[in-house]
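This report goes through one protein structure, part by part.

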Amino acid sequence: MLVCLLAAVLAPGLAPSGGARAAADPITPTNGLKLTITSMSPREVSANNTNVAVQGTVTNISDRVITEVKARLQLGDAVTSDKQLSDAEAGAAPTDAATTAYQTVTSTLQPGQTASLSLTAQLQGTGSLDISKAGVYPLMVNLQGSPAYGGQARLAAASLLLPVTSVPGAVPPAGADRNRLTLLWPLVDDQPRVIGVAGNGQEVLADDSLADSLVPGGRLFGLVQSVKDVSVQNPALLSAMCFAIDPDLLATVHGMAGGYQVQTATGTRAGAGATAAAEWLNMLSKLTAGNCVLSLPEADADLVALSRAGATNLAKLALDDSTEISSVLPGTTPLSGVAWPSDGALDDGSALALAGMGVNTELLQPDAVAGAATGSVSLQGLPANRSHAVLIDQAVSGALAEQSANPSNVDVSGVSAQNGIAALTYRTLFAPGSGQTELIAPPRRWNSAQNELESYLDVVGGTLSAGGATPVGLATLAAAAPSGPSVRLSYPAAAAAAEIPASVTGRVVTDDAAQQDMLAAMNRDHANPVTTPTQLIGPLRVGLLRAVSGAWRTNHQGAAVQLSTVEQEFSSVRGAVSVVATNQTFSLGSQSSRLPVAVTNSLPVDIVVQVDLAGQSGLAASAVRQTILAGGSTTLYLPVKISRSGRFSVEVSVTTPGGTQLGHSARFEVVSGAYGTIILVITVAAFAILVLLSIRRIYRRLRSSREATPDEQDLPTLPGEPTVPNVPTVPSTAVDTQEPVEH
């Protein structure tokens with residue numbers, strides 16, 4: 001054990017600090033230095049550049065003093081394949097082809113202290129990065145230091161890609177057929193915000209974070225402003241770009257512009273982003289007018305999760321709400337028949353369902369299909385005219401994602417677009433083959449600073465302007481015949497794991513059925529037709545889509561919370577139609593009576609209800625249906641049948657004709673003195689027996705009277721008179737055999 005402890009303490013001092021072995025130095029998670037890269041220049045090396053400069057900061061996040069803090073740049077060989085490019089993006093490529101000398105950052109760094117980092121390396125010459133030809137190179141910032149009680153060791157390392165389009169004295173690469181480039185530009189909120197509607201009709205948001213995103217410095221503001229700024233200098237940019245917009249985001253921002261409320265711990269308050277929302281919409285409207293717009297599913301709903309749950313009607317609702325984009329952004333007509341599902345993946349059932357909804361082109365990741373297909377392909381198992389998929393260029397698109405290759409103590413967000421710039425340069429100038437289709441899809445919730453977005457768009461626009469690629473609109477790309485082989489879908493395991501779980505989608509299906517049933521029972525109030533049933537229930541159905549938003553694919557608990565919020569809202573709507581409770585005891589005087597039940601409707605629409613009761617044995621009722629007018633109350637008379645007398649406690653409920661519970665049930669006390677069926681049966685039976693006995697007695701008497709002579713009939717015996725037995729009479733003609741008496 002002592003040997004192991006000594007080895008752990010001394011190991012940092014034994015690690016090599018330079019030379020060709022630097023790339024293999026261990027990086028432990030508790031080294032204690034945080035490396036932050038804030039800028040890099042140039043972002044793309046050309047013949048006019050002679051050096052590369054990297055700036056940032058170094059912070060001691062340990063509880064020990066660290067001395068001899070120094071750093072250098074290291075370079076690997078230029079990548080020559082997509083595999084090498086992916087390895088370089090993941091920080092797994094060697095970076096020992098060229099190393100510069102260490103430059104001192106600071107001699108001593110106390111715990112919590114921060115020092116500035118500034119590294120400069122020549123591209124050519126002695127001690128340089130030794131770049132002699134164009135290409136895309138893996139670049140590493142190697143940070144060394146000596147923690148107290150330890151030796152010199154690498155304490156942090158940041159991995160980046162350095163694109164070099166040309167160097168002094170070298171001939172720029174000459175491309176053959178230019179690639180066709182299409183760029184998606186997603187505008188999606190971090191998560192759904194709307195949780196209800198206030199009494200004044202204003203939407204209620206869960207927080208005011210969306211307002212922060214719409215002002216300068218905010219994420220959504222940067223996504224729109226960067227396009228506006230760069231497209232002025234590079235008009236070709238817009239011809240290759242398609243804005244992928246969530247209709248729910250647009251509707252939310254549009255509602256904010258007219259005033260909105262924000263939920264707080266004690267109630268609601270007025271939102272602070274109305275002006276920012278109006279300005280952002282105005283800027284977006286000018287950019288999208290006449291340009292390509294792709295409507296994402298409403299609330300960015302997880303189409304696969306809905307399909308697996310059998311909620312195809314909700315999936316259709318999510319795809320049909322693109323008209324909202326046209327109403328908020330005049331002059332905009334979203335593409336039809338094109339879908340970009342969450343994570344760029346579909347299973348067979350979802351693809352077939354989408355085909356039935358008119359979707360004939362899916363934008364998918366390469367790992368969502370079997371094999372190594374690229375470009376546009378036909379999908380097996382789907383109708384011939386609805387089996388087209390355009391595959392996203394993962395090598396370029398993946399480079400725009402958050403840098404997961406760097407350890408937790410390294411922050412390269414200041415140059416977040418750098419790898420995306422390098423990947424695009426590789427694809428357009430150095431990748432094998434030419435004339436390929438490049439569909440670039442940044443992360444749906446891309447979170448890069450505005451200056452980084454502009455750096456990336458500058459490269460895209462410059463590439464198009466210089467003829468490095470041909471801009472192709474998404475509509476043209478989607479309409480083109482598949483050029484690749486026919487492939488089958490292969491739903492990735494990672495996408496399945498991230499999918500909104502069945503515990504949520506199952507409830508969503510149940511809630512949707514209840515909402516549709518209630519909608520079918522409603523009618524417009526013709527006396528005051530301000531609110532329609534669709535206006536009342538429609539937002540709740542969109543709320544269900546928010547509960548299955550792709551925003552929750554990495555936060556399933558968030559989906560459950562969002563769904564609970566929608567269910568509470570729906571419960572309030574259902575509670576507006578209710579049975580009026582009463583303390584009165586109702587007395588029913590006959591076997592068939594009517595029980596008066598008052599039903600009130602505080603909704604702004606008429607609704608057809610059904611009233612029924614659940615009681616004890618001996619009492620039954622027939623359900624009654626009737627339309628209750630908006631804001632009105634009606635007394636219904638429930639036909640009741642009683643089979644016994646006594647006291648009854650019954651539960652009266654009100655539902656839609658389809659069975660959806662409305663409001664709360666009410667308990668009624670009923671007293672009945674009427675004879676029931678059982679008593680009636682017993683009475684009739686007893687009377688029948690009495691009649692039979694009487695008939696039997698009369699029959700026996702009649703029979704006896706027929707057997708006796710009229711003068712010898714038995715006379716009735718008087719009370720107290722002795723009974724005399726009958727003595728036979730001797731006939732008068734009989735012979736007297738008694739001897740005579742002598743005198």
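## The largest pocket

How much space lies in the largest pocket? The answer is about 1200 Å³. The model is a predicted one, in which local features need pLDDT of at least 70 and side-chain atom pairs count only at pLDDT 80 or more, while totals for chains, interfaces and linings use all residues. Residues are numbered from 1 along each chain as its sequence is written, and side-chain values use heavy atoms, with hydrogens and water left out.

Pockets and cavities are found on a 1 Å grid over the protein atoms alone: a pocket is an open set of points with protein on both sides within 12 Å along at least five of seven lines, a cavity is a set where a 1.4 Å probe fits but cannot get out, and lining residues have an atom within 4 Å of a point. Points are joined across faces, edges and corners, and a volume is the space filled by probe spheres set on them.

The lining of the largest pocket has 42 residues, and Ala401, Glu402, Pro443, Arg444 and Arg445 lie nearest the centre. Two or more lining residues come from each of helix 12 (394–397), strand 20 (410–411) and helix 16 (493–498). Helices (H or I, at least four residues) and strands (E, at least two) are DSSP runs numbered from the N terminus. Helix 16 gives the largest share, three residues. By class, 17 lining residues are nonpolar, 16 polar and nine charged; here Ala, Val, Leu, Ile, Met, Phe, Trp, Tyr, Cys and Pro count as nonpolar, Asp, Glu, Lys and Arg as charged, and the others, Gly among them, as polar.

## The second largest pocket

The second largest pocket holds about 970 Å³ of space. It is lined by 34 residues, and those closest to its centre are Gly196, Val197, Gly201, Gln535 and Pro539. Among the elements that give two or more residues to this lining are strand 10 (194–197), helix 6 (247–257) and helix 18 (533–547). The largest share, nine residues, comes from helix 18. The lining divides into twelve nonpolar, 15 polar and seven charged residues.

## A pair of helices

Helix 18 also packs against helix 17 (residues 502–521), at an angle of about 175° and with the axes 10 Å apart. Axes are lines fitted to C-alpha atoms, for helices over the stretch in contact, and angles run from 0 to 180 degrees between N-to-C directions. Helix 17 and helix 18 are therefore roughly antiparallel, a label for angles over 145 degrees.

Contact means heavy atoms within 4.5 Å. The contact residues include Val504, Val508 and Leu519 of helix 17, and Ile537, Leu540 and Leu544 of helix 18. By class, the residues of this contact are eight nonpolar, three polar and three charged.

Two strands pair if DSSP finds at least two bridges between them.

Strand 10 and strand 11 (residues 203–205) run antiparallel and are joined by three bridges, with Val194 opposite Leu205. Strand 11 runs parallel to strand 13 (residues 261–264), with two bridges, and there the bridge partner of Leu205 is Val262. Four bridges pair strand 13 with strand 14 in the antiparallel sense, and these two strands form a hairpin with two residues between them.

How many cavities of 30 Å³ or more does the structure hold? There are two.

Technical notes: Parallel < 35°, antiparallel > 145°, perpendicular 65-115°, else oblique.
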